[in-house]
Amino acid sequence: AAPLVVAVSTSISAKKGLLIRNQANFEGARNLNAVVFDKTGTLTKGEFGVTDIIADKGYQKDEVLAYAASVEQNSEHPIAAGIIGAAKDKAISLNKVNDFESITGKGIQGKVDGKTINVVSPKYVLDNYLTFDRKLFSKMSEEGKTVVFVLVEEELIGMIALADMVRDTAKEAVRSLKKQGIHSIMLTGDNQKVADWVAKQLGIEEVYAEVLPDDKANQVKKIKEKGWKVAMTGDGVNDAPALATADLGIAIGAGTDVAMETADVVLVKSNPNDVVELVDLSRKTYRKMV
Ligand code: ADP
Ligand code: MG
């Protein structure tokens, strides 16, 4: 039978909005040295709004948006919802998409009217030696905006900038963890400048940006190799390998099913500050047992 303290803590945790899926790993939360946070959808709300559309090569802004939004209909990334929302606001009708593919950590691809459309990250564009207005790109990134690029048949036809909002509770989380001697780290697939901007708002000093999903897991492994106990907190499909690798995997309740199925604990209220509650609760629960 489960020890009484554990049973009690389970009902307390449910009330606090913590869904504990793996009791043994939850127990280890009392000894954490570091919490790694994904950025988009975890430290930020993951509710993107389109702020700028830049059209090139003779295309109109609405055309850039229409191509992008059409292909994004197949994606569950928060960027997709932002771009589709902007198209809807402008009453732009979306086209049918064939051969959709998601390029993990880099973007998406699909065919519209027989033409291959890509909506991709800055890294993809740089890796493929495509030219663009770097000055404008840097300016938008430094303002904390996530910029994606729209390609038609490998030709870059525009940029779409999106802004997300930092969760107020994320700042509290970082501060409270620090008080408990727990180090906060950010791990994101997004651009370095955007990552730095968000980290600065939150007081996070250690940041890894432009990290692909498998590298997220590797990064967690490296931190573990220092002899640290590490928790990973994330919401996306791209966070699943890192959630599985960490000593404690924590999923945001509003995130994807894959993240929740991989995690040891789910933050039902999607409040990053509940990581602090979780550490507290494991300390209180297991202190009594030994
Ligand atoms: P994060 O770690 O911040 O959740 P991801 O690994 O999911 O980021 O994505 C990394 C980058 O890949 C994004 O910042 C974006 O540039 C690009 N990307 C991913 N999915 C999409 C999409 N559906 N549309 C456009 N770009 C995308
Ligand atoms: Mg995310």
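In this predicted model, strand β3 pairs with strand β8 (residues 155–163) in the antiparallel sense, over six bridges. Within this part of the structure, I53 stands opposite I160 in β8.

**The sheet**

Both strands belong to an open sheet of six strands, whose order is β3-β8-β7-β6-β5-β4 and whose pairing is antiparallel. At its edges are β3 (49–55) and β4 (98–103), each of which pairs on one side only. On average, neighbouring strands of the sheet are turned by 20 degrees against each other, direction ignored. Helix α4 (residues 61–72) packs on this sheet and touches β3, β4, β5, β6, β7 and β8. The direction of α4 makes about 105 degrees with that of β5.

**The surroundings of ligand 1**

Ligand 1 is surrounded by 22 residues, and the closest are T40, S75, H77, S121 and G189. By class, this shell has six nonpolar, 11 polar and five charged residues. Several helices and strands each supply at least two residues of the shell; they are set out below.

| Element | Residue range | Supplied to the shell around ligand 1 |
|---|---|---|
| α3 | residues 39–43 | at least two residues |
| α5 | residues 78–89 | at least two residues |
| β5 | residues 107–112 | at least two residues |
| β6 | residues 115–120 | at least two residues |
| β7 | residues 146–152 | at least two residues |

Key:
Residues are numbered from 1 along each chain as its sequence is written. Chains are lettered from A and ligands numbered from 1 in the order in which they are written. This is a predicted model: local features need pLDDT of at least 70, side-chain atom pairs count only at pLDDT 80 or more; totals for chains, interfaces and linings use all residues. A residue is near a molecule or strand if its C-beta atom, placed from the backbone, lies within 6 Å of it. Helices (H or I, at least four residues) and strands (E, at least two) are DSSP runs, numbered from the N terminus. Ala, Val, Leu, Ile, Met, Phe, Trp, Tyr, Cys and Pro count as nonpolar, Asp, Glu, Lys and Arg as charged, and the others, Gly among them, as polar. Two strands pair if DSSP finds at least two bridges between them. Axes are lines fitted to C-alpha atoms, for helices over the stretch in contact, and angles run from 0 to 180 degrees between N-to-C directions. Two residues are in contact if their C-beta atoms, placed from the backbone, lie within 7 Å.
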